[in-house]
Amino acid sequence: MVGGQIRYSIPEEMKKGSVIGNVAQDLGLDLKRLRSGRARIVTGENIHYTELKTDKGTLVVNERIDREQLCGDVTPCSFSFEVILENPMELHRITVEVLDINDHAPVFPNIDKPIGFEISESAAVGVQFPLQSAEDLDVGQNALQDYVMSPNDNFILKQHANPDGSKYVQMVLQKPLDREQRHNLSLKLIAIDGGTPQRSGTINIEVTVLDANDNVPVFNQSMYKASVMENTMKGTSVITVNATDADSGANGVITYSLSKTKGSAADRFSINEHTGTISVSGQIDYERDRKYEVRVEAKDQGGLIGTSNVIFDVFDVNDNSPVMNIMSFSSPISEDARPGTTIAILNIKDADSEKNGQIKCTVDGKLPFRIESSLTNYYNLISDQYFDRESVSEYNITITATDFGSPPLSSSKTLHLKISDVNDNAPIFDKKSYSAYVTENNSPGVSIFAVSARDSDWNQNARISYILEDTQITGSPVSTYVSLNSETGVVSAVRSFDYEQIKQLQFVVKAQDGGSPPLSSNVTVKVMIQDQNDNPPQVLYPVQTGGSLVAEMVPRSADVGYLVTKVVAVDVDSGQNAWLSYKLQKATDRALFEVGLQNGEIRTIRQVTDKDVVKQRLTVIVEDNGQPSRSATVIVNVAVADSFPEVLSEFTDFTQDKEYNDNLTFYLVLALAVVSFLFITCLVVIISVKIYRWRQSRILFHSSLPVIPYYPPRYSDTLGTGTGTLQHVYNYEVCRTNDSRKSDCKFGRAGSQNVLIMDPSSTGTMQRIQCEKSILDEPDSPLEVS
């Protein structure tokens, strides 16, 4: 706060627009400063006598200034106001003294009614007769200065001064009256002021001469003093005066009255004309008049009057509450405003005096503000600490002004202060990290989940935008996998995910507010791809070929639990979607074989008999555990026989049923042809073996299929109760036709078992070929034949 004070003197009744002074020059202020600081005049009065011209920096008259209306008879007369500037805040006090001009003539009260006296002719020389005093509203030299009486032979004037400096006049008898010569006198009393030009006022005096009453009433005191509290109730007795008259009879009867004097004292008091008791008859206000003076007259029946003065001292009562005015108030205020910032300027006044007019100003409650006094009657509301809009966004500040009277009086005003926001809080996510799940094969654009952050700031500073940080997932930008809605934080899939290719996405989302500069925070997001049962089981063994078929040999001596073969399948899904179960869907004789539910092993469930048909066809369904489940079907051909010749014709028919729909006669002819050309067939088989070995090397070299080991049927004991240990020695038998190169198969068999491979185009005689050598030089390795 910056403060200054200047004083000007001007005569009253100046024209509107007259220049009082150059405020900018006297205060040392630049005209630009007056305009930028929004300089203005503040005053607690209803009438604005002055106006500030900010473009010139001058103070001019705004309203007619009447010194008598403004100050009465108080000298010197002045009024004060304040000039306030903002940014930074300055407060300057300006006092204007109003000089009196002689614009009022002396005036007698009741000018239309002459002053009348009834004076006995026996009145002694020197008797004084009080006259009404004239009132002149001007002061100083322009006030009432002298009284003059019209020339006459009987009376002269004698002037006296009151304690307050005012004058009153008495008419003194200097020559005895003679009623027989003149019973009535008409005089003039002229009141003259000292102004230029001089002004005057006149009142008539009518004197009636009476017969003998030669004693004047006399008061027992030439001056009375009394005290009265303001706001004293009407009718309250204050003091009793007493006068006596030496005459007797009617001439000794005295009546009391109050003389009409200057001011309003006579309107505030009344006197009992018989007892002389003076009582309160009007409003006693200390703030308006602190002292009253009245003149008491005691008049006998003969018309003689005695006078005395009564002075009333008024004692103040605490009857005025402090009056509070808000001169300036800054709201809203930034939350980063430093402690000590001026929030408001208040003007507080109390019309009472001394302790009753002393003021204590406080802020109600435990708020971060304090009150400091600046100029007289001015107080500043100042911040006491830093603000935090996120904790408290606004304050209701109640300011109470209390005086020191008994009992004390107070008044309050409430200011509603709003705190404006500063971007001092970064967005905060609801979670430290996010995890979400999405099922593979989703539709592109589907919403996965949403991230959410909050910012305790306000408005633009709390407006959050979500940004997908540029990261790589398996060598590709994260934006090729997911998208992020910058306003809602919804994460959506850009593509359809495949669990078999990618199982998890991890990326970073940034939440950034709209402040300046912006603040942000990051969170890690993990999206787990959930597997879906979208892949059916794949059967690896037995291999299904189009041109030839594989048959498993079961001797007729096979006991219960004999392991015929094992169906091997895989599922590229995971979890329960990859759990496979094996079921026998169709069979030539369902009472002869069963399939292991979990391992796919085909075993006999009873003793093989001679009555069992040679060719057995089993349809095995492999089913996963997904919802809905997927399945694959494989056909397993089983030959129940002890040797190849025994089943040759049966499997020839079996093959023909699969490839063709010809009649039985054709197959019989084909069987005879096979026997006839047995030698040729053997040669063809030998050649086929050679070709197989050559193709095997080619397949192993070029194949991209995974190598899945297949364990031979005798990896456990016959009843399935073994420990799973493979036998050490295996014999493998291979029988091929001359057209076997058209198909591939994988199989393995123990040395004591027979494997029959038939080609539908073969007509030669098959011979049994026993091979004692282990394929791949491993006793437990599978044999692959093309």
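This briefing describes aromatic ring pairs and charges over rings in one structure. The model is predicted, so local features are given only where pLDDT is at least 70 and side-chain atom pairs only at pLDDT 80 or more, while totals for chains, interfaces and linings use all residues. Residues are numbered from 1 along each chain as its sequence is written, and side-chain values use heavy atoms, with hydrogens and water left out.

**Aromatic pairs**

- A search of the whole structure finds 13 aromatic pairs, where rings of Phe, Tyr and Trp (its six-membered ring) pair if their centres lie within 6.5 Å, and planes under 30 degrees apart count as stacked, over 60 as edge-to-face and the rest as tilted.
- One of them joins Y49 and F79 in a tilted arrangement, with 5.3 Å from centre to centre and 45 degrees between the planes.
- This pair links distant parts of the chain, 30 residues apart, since Y49 is in the loop between β3 (40-42) and β4 (50-53) and F79 is in strand β6 (residues 77-85); strands are DSSP runs of E with at least two residues, numbered from the N terminus.
- Both Y49 and F79 are buried, which means under 20% relative accessible area with a 1.4 Å probe and protein chains only.
- Ring pairs also link Y49, F79 and F81 into a cluster.

**A second pair**

- F269 and Y292 form an edge-to-face pair, at 5.7 Å centre to centre and 75 degrees between the planes.
- F269 is buried at 2% relative accessible area, and Y292 is buried at 3%.

**Charges over rings**

- R495 lies over the face of Y481, 4.2 Å from the ring centre, where a charge counts if NZ of Lys or CZ of Arg is within 6 Å of the ring centre and within 35 degrees of the ring normal.
- K503 lies over the face of Y499, at 4.8 Å from the ring centre.

Note on methods. Helix = DSSP H or I, 4+ residues; strand = E, 2+ residues; numbered from the N terminus. Buried < 20%, exposed > 50% of the residue type's maximum accessible area, 1.4 Å probe, protein only.
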